[in-house]
Amino acid sequence: MPEPITIRVKRFDPETDAESYWQDYTFEPPSEDSTLLDCINHIKWFIDGTLTYRMSCRSAICGSCAMRVNGGGQLVCNSQYRDHLDADNTITVEPAGNMPVVKDLVTDATGFWEKIRAVDPYIRSDREREAEGEHLMSPEDFSNIDDASTCIMCGACYSECASYEIDKNFLGPAALAKAQRVVHDTRDEEQGPRLARLSEYGGMWDCAHCFACVQACPKPVNPLYRIVDLRNEAHRRNFHDNNGSRHARGFVDIIEESGWLDEAKLPLKSVGSLKEFVTDLLPMGIRMGVKNKFRPNPMHLLPGRHHPPVPKMNEITKIIDKTKAADPADNE
Ligand code: FES
């Protein structure tokens, strides 16, 4: 028989609890090869029938068993419990993050689905249905959407998204991956309007690159990379009039000057108007200055002035030139 383990579950019943609490269950897992879901089922079926959670397929297909395991979002049906044990033979399980808790491990995913709907994840086309009835894609074209197509919409990425956690306007990794899948679908005819909407506040440029979604995703979606795909496509199609695009191009411009990333210059290159500078940037800069958060060298903010170049600046120039040659979108 397997050694006893402890699963520590964060529990909450809105009818009886003012706040959540931890409950430990110590037991022998059904077998050495049990999944974490098998263990949670064991608790439910043999120890405590009040434990509440979602599951259905037990095969990493339906996406319903996403929750936080040892602090990170994931499916509990697609890995063995042994992979999650800490030094005390304990596994911590909590409800998915970024969603209100309904009961125990069950969350209200309404906000998640609203984000998915917001990107209009359907192919839009006015083309007449051809005689044979199918609009085919080449394998090469399909390779651009292959990864995003594997999304099972479990919400594990959304659970861990730091950008969404601080700004609920952000569409989040799952919805943006879904958007990438439609934008790169050659049968869709709405790419332009889609990229325009996705370039706005809350869209593709508001991801903070924390990589938490890549870690959490149980499939090969890699949402952050799909967001980068969207940004590249937006650049290729000249969607430059937004803070995100200006920020990305300003980043390269600054590095090209001296090899240093001068953080004080970057916001100046990102804003689109004097009004935005006065209403948004200046007050934030003053607050940061008061809290001693940054100390720019004022001389570097003058046009044509910058840090003395880093040693081996020519190596950095070579990298930038090579990148631009590889993808013309980077020249724009
Ligand atoms: S139970 Fe369906 S994905 Fe885990």
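Begin by selecting F112, W113, Y158 and Y164, which ring pairs link into a cluster. Rings of Phe, Tyr and Trp (its six-membered ring) are taken to pair if their centres lie within 6.5 Å, and planes under 30 degrees apart count as stacked, over 60 as edge-to-face and the rest as tilted. You are looking at a predicted model, in which local features need pLDDT of at least 70 and side-chain atom pairs count only at pLDDT 80 or more, while totals for chains, interfaces and linings use all residues. Residues are numbered from 1 along each chain as its sequence is written, and side-chain values use heavy atoms, with hydrogens and water left out.

**The aromatic pairs**

By the ring rule, the count comes to 4 aromatic pairs. In one of them, the ring centres of Y158 and Y164 are 4.7 Å apart and the planes meet at 35°, so this pair is tilted. Are these two residues buried or exposed? Y158 has 2% relative accessibility and counts as buried, and Y164 is also buried, with a relative accessible area of 8%; here buried means under 20% relative accessible area, exposed means over 50%, and partly exposed lies in between (1.4 Å probe, protein chains only).

Now select F211 and Y225, an aromatic pair that is edge-to-face, with 6.0 Å from centre to centre and 70° between the planes. F211 lies in the loop between helix 8 (191–198) and helix 9 (212–216), whereas Y225 belongs to helix 10 (residues 223–236), so the pair ties together parts that are 14 residues apart in sequence. F211 is partly exposed, with a relative accessible area of 38%, and for Y225, partly exposed as well, the relative accessible area is 38%.

At 1.5 Å a residue, the 14 residues of helix 10 should span 20 Å, and its end C-alpha atoms are 20 Å apart, which agrees; the expected span is 1.5 Å times one less than the number of residues. Colour the buried residues of helix 10, among them P223, L224, I227 and L230. What covers these buried residues includes helix 4 (146–149), helix 5 (156–160), helix 7 (173–183) and helix 11 (243–258). Just after helix 10, look for N238, which takes a positive phi of about 65°.

From here, move to P173, which is found in helix 7 and is buried, with a relative accessible area of 2%. P173 and L224 are 51 residues apart in sequence and 6.8 Å apart in space, C-alpha to C-alpha. Not counting residues up to four places away in sequence, P173 touches C157, Y158, C161, C213, P223 and I227, where contact means heavy atoms within 4.5 Å.

**Helix 14**

Select helix 14 (residues 313–326), whose 14 residues should span 20 Å at 1.5 Å a residue, and whose end C-alpha atoms are 20 Å apart, which agrees. Which residues of helix 14 are buried? They are M313, I320 and K324, and they cover an arc of only 35° around the axis, which puts them on the same side of helix 14; the arc is that of the directions from the helix axis to the C-beta atoms. These buried residues pack against helix 11, while on the other side of helix 14, K318, I319, K322, A325 and A326 are exposed.

**Strand 1 and the whole chain**

Now select strand 1 (residues 5–11), where 5 of the 7 residues are buried. Strand 1 runs antiparallel to strand 2 (residues 21–27), joined by 7 bridges, and parallel to strand 5 (residues 90–94), joined by 4 bridges; two strands pair if DSSP finds at least two bridges between them. Look for K10, whose bridge partner in strand 2 is W22, and for I7, which stands opposite I91 in strand 5.

Finally, show the whole protein chain, which has 14 helices and 7 strands, and of whose 332 residues 42% count as buried.

Definitions and conventions. Helix = DSSP H or I, 4+ residues; strand = E, 2+ residues; numbered from the N terminus.
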